[in-house]
Protein chains: 2
Amino acid sequence: VAPLRIALILVGFGHVGRRFVTLLQEMQPALAAIGVEPVIAGVTTARHGSVFSATGLDPARIADRLTGPGAGQASSAPFITDALARLRQADVEARVLVETTTLDVRTGQPAIDHVRAALAGGADVITANKGPVAFAYRGLSDEARRAGRAFLFEGAVMDGVPVFNLVRETMPGVAIRGFRGVVNSTTNFVLTALEQGEPFGDAVARMQEAGVAEADPSLDLDGWDAAAKAAALANVWLDADTTPLAVAREGISAATAARAIDARARGRRLKLVASGTGQGPEADIRVALVELASDDPLAMLDGQANAIEVDTWPLGRIVVTQRDGGLEKTAYALFADLMTLAQRAGIRSIDRSLQ
Amino acid sequence: VAPLRIALILVGFGHVGRRFVTLLQEMQPALAAIGVEPVIAGVTTARHGSVFSATGLDPARIADRLTGPGAGQASSAPFITDALARLRQADVEARVLVETTTLDVRTGQPAIDHVRAALAGGADVITANKGPVAFAYRGLSDEARRAGRAFLFEGAVMDGVPVFNLVRETMPGVAIRGFRGVVNSTTNFVLTALEQGEPFGDAVARMQEAGVAEADPSLDLDGWDAAAKAAALANVWLDADTTPLAVAREGISAATAARAIDARARGRRLKLVASGTGQGPEADIRVALVELASDDPLAMLDGQANAIEVDTWPLGRIVVTQRDGGLEKTAYALFADLMTLAQRAGIRSIDRSLQ
């Protein structure tokens, strides 16, 4: 049996997108085992132009061929619409958008437009971007359902460590009562430094030098990143239909040091915790500095470790901890979502031949 | 479309088996959503006899109908073979063994015989028993593959918290370099008590009163339970083809108290850690008292909390922590495995109609 060819359109081609491409080659045995052959049909970027080939691009030559001015601040939706039309004309049946653009954490754009254009053009969508799931989960998942397409986003919250897939694939029938998590590496690193007496500015500068914090670290320090992740988790698990703008939000500053040092002196830890409880419109979703007992699984997280505790019936409280972060893990999240799609596509192709 | 009826044969009908039966009723919506209808066709026990009906038993009346002397120490394999033959004669296509018998931790029996009889009789197997996977994983999984049947055992190591399913269903293509875990509640509880100065015998008695430790707690205290779980994890993840008898094993005793207190005084924790590294016959699998730094995710586990850290490429180290244990969670593990089977059965029935 010939493998199922899956045409990928990559929107964004930064560190994560490029690592995803090399990971596909390294994961060739896993892909072959389920009978799929992903092909990169198109790549579009904000600053380096776009390339497209319905029959597939040579992965090693993509970077060299990206020479144009790019979409800039504009949406790449027109490129996506056009590329998908050309794939349909070429009778390429399995089409997937891989979305890794930079997020505007106050709007979720341009990623939301990209997802919408892909679903309208008959593509499944996988994204490592928290924008679409944090700002527009209900609408996009409805659109995906109507189009008979998938909308997957494992990398949005904890890189490649299974969070959404954990619940969806391995916990059938459970009810989720709430969640708590330490989900932002920059604030966690800075809080640990503050406890040890390091000045706030020094700790932030050290994170920037290490490449963990952005040049403008305010989105992390002010709790925006954690709020976007809280909204994403609440939208999927608590049916909250919210956005990061509606999340009760606290951040950290130089003034936090005294609280962190005081907590530590009493054997406790001050952590920036993203949490959600309740269901639907009544869900209580927040990012707040919380003092944790030393035996709390979230208390011992140092440096870049992240963790999410999900409270379920009937499994009680389960914690997933990511000890090692980084962009390679985010690239893996895209791969895991592609494998999920590929397995569903196998089922779909059986379905179709039954009709 | 009529739901797919799945006939279940329950071997063992203790706390876990009975909770599994009520859980099936509570999970009716999840079962209906994927179009399956499990029916309990047979139950066999060691001390209370057996019942069978190819058309299904009334769940509420099973306990009343179990009045015989039971299989005692003997295998229930003859009952399984006979029950499956009668289901085949009645043209019941989907047949599943649900195995929850008491384990002989030094042999893995009688569960291994039960699994083998079920596979030979054309049934899929789900078990909460660590015996088959700890002692005979390679042989049983080969038999299952040849028979075109599944052999699932999510509940064997950490109750219902996804461990095997986590890796199989949500981490496609990863390579596992090793694992470490605190997987035995009795020893973990006693170690915590010893650190606080409680005498060994008092702590053990308290666990027995709470129903966590067995009347004969030596299998826990001597590390046998942890060794069986280490062997199970190593067989599945490291292709170790080992048994608990071959696991380097340490336990806890009154003499452990001084070490536990000394570690705690230095801000560290003494834990009984099950671990495995390497691959195949060279895998190093052990249960040992290990002194952990306070920021180790395994160090903060108190009381009945369990956790397993799996070291993977490319996701690095991921920890899954179970904060709340208990038999309801083990019953859920059986349910989760049944859902996995049911989804595969759906695919199989599509396959069959294509032939």
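In the predicted model, A:Arg180 forms a salt bridge with A:Glu309, with the closest N and O atoms 3.3 Å apart. Since A:Arg180 belongs to strand β7 of chain A and A:Glu309 to strand β11 of chain A, the pair ties together parts that are 129 residues apart in sequence. A:Glu309 counts as buried because its relative accessibility is 7%, the cut-off for burial being under 20%.

A further salt bridge of A:Arg180 is made with A:Asp296, where the closest N and O atoms are 3.0 Å apart. This pair also links distant parts of the chain: A:Arg180 is located in strand β7 (residues 175-182) of chain A, whereas A:Asp296 is located in the loop between β10 (284-292) and β11 (306-313) of chain A, 116 residues apart. A:Asp296 is buried, its relative accessible area being 10%.

A salt bridge is also found between A:Arg286 and A:Asp284, whose closest N and O atoms are 3.1 Å apart. A:Arg286 has a relative accessibility of 35% and therefore counts as partly exposed; A:Asp284, at 35% relative accessibility, likewise counts as partly exposed. Through salt bridges that share partners, A:Arg180, A:Asp296, A:Glu309 and B:Arg323 are joined into one network. Over all chains, a search of the whole structure finds 52 salt bridges.

The arrangement of the two chains was examined next. Chain B is superposed on chain A by a rotation of 180° with 0.0 Å of shift along its axis, at an RMSD of 0.0 Å. The two copies are thus related as by a two-fold rotation axis. Among the residues of chain B, B:Val320 comes closest to this axis, its C-alpha atom lying at 2.4 Å. Of the interface residues of chain B, 100% are also interface residues in chain A, so the copies meet through the same surface.

Strand β11 (residues 306-313) of chain B is mostly covered, with six of its eight residues buried. Strand β7 (residues 175-182) of chain B also runs antiparallel to β11(B), and seven bridges join the two. In this pairing, B:Ile308 in β11(B) is the bridge partner of B:Gly181.

In chain A, an open sheet of six strands shows mixed pairing and the order β3-β2-β1-β4-β5-β6. Its edges are formed by β3 (50-52) and β6 (151-152) of chain A; each has a single partner strand, so one side of each is left without a neighbour in the sheet. The partner of β3(A) is strand β2 (residues 36-44) of chain A, to which three bridges join it in an antiparallel manner. Here A:Thr44 stands opposite A:Ser50 in β3(A). Helix α1 (residues 15-26) of chain A lies across β1 (4-11), β2 and β4 (94-99) of chain A, and runs at about 165° to β1(A).

Terms used
Residues are numbered from 1 along each chain as its sequence is written. Chains are lettered from A and ligands numbered from 1 in the order in which they are written. This is a predicted model: local features need pLDDT of at least 70, side-chain atom pairs count only at pLDDT 80 or more; totals for chains, interfaces and linings use all residues. Side-chain values use heavy atoms; hydrogens and water are left out. Copies are superposed by least squares on the C-alpha atoms of residues with pLDDT of at least 70 in both. Contact means heavy atoms within 4.5 Å. Two strands pair if DSSP finds at least two bridges between them. Helices (H or I, at least four residues) and strands (E, at least two) are DSSP runs, numbered from the N terminus. Axes are lines fitted to C-alpha atoms, for helices over the stretch in contact, and angles run from 0 to 180 degrees between N-to-C directions. Buried means under 20% relative accessible area, exposed over 50%, partly exposed in between (1.4 Å probe, protein chains only). A salt bridge is a side-chain nitrogen of Lys or Arg within 4 Å of a carboxyl oxygen of Asp or Glu.
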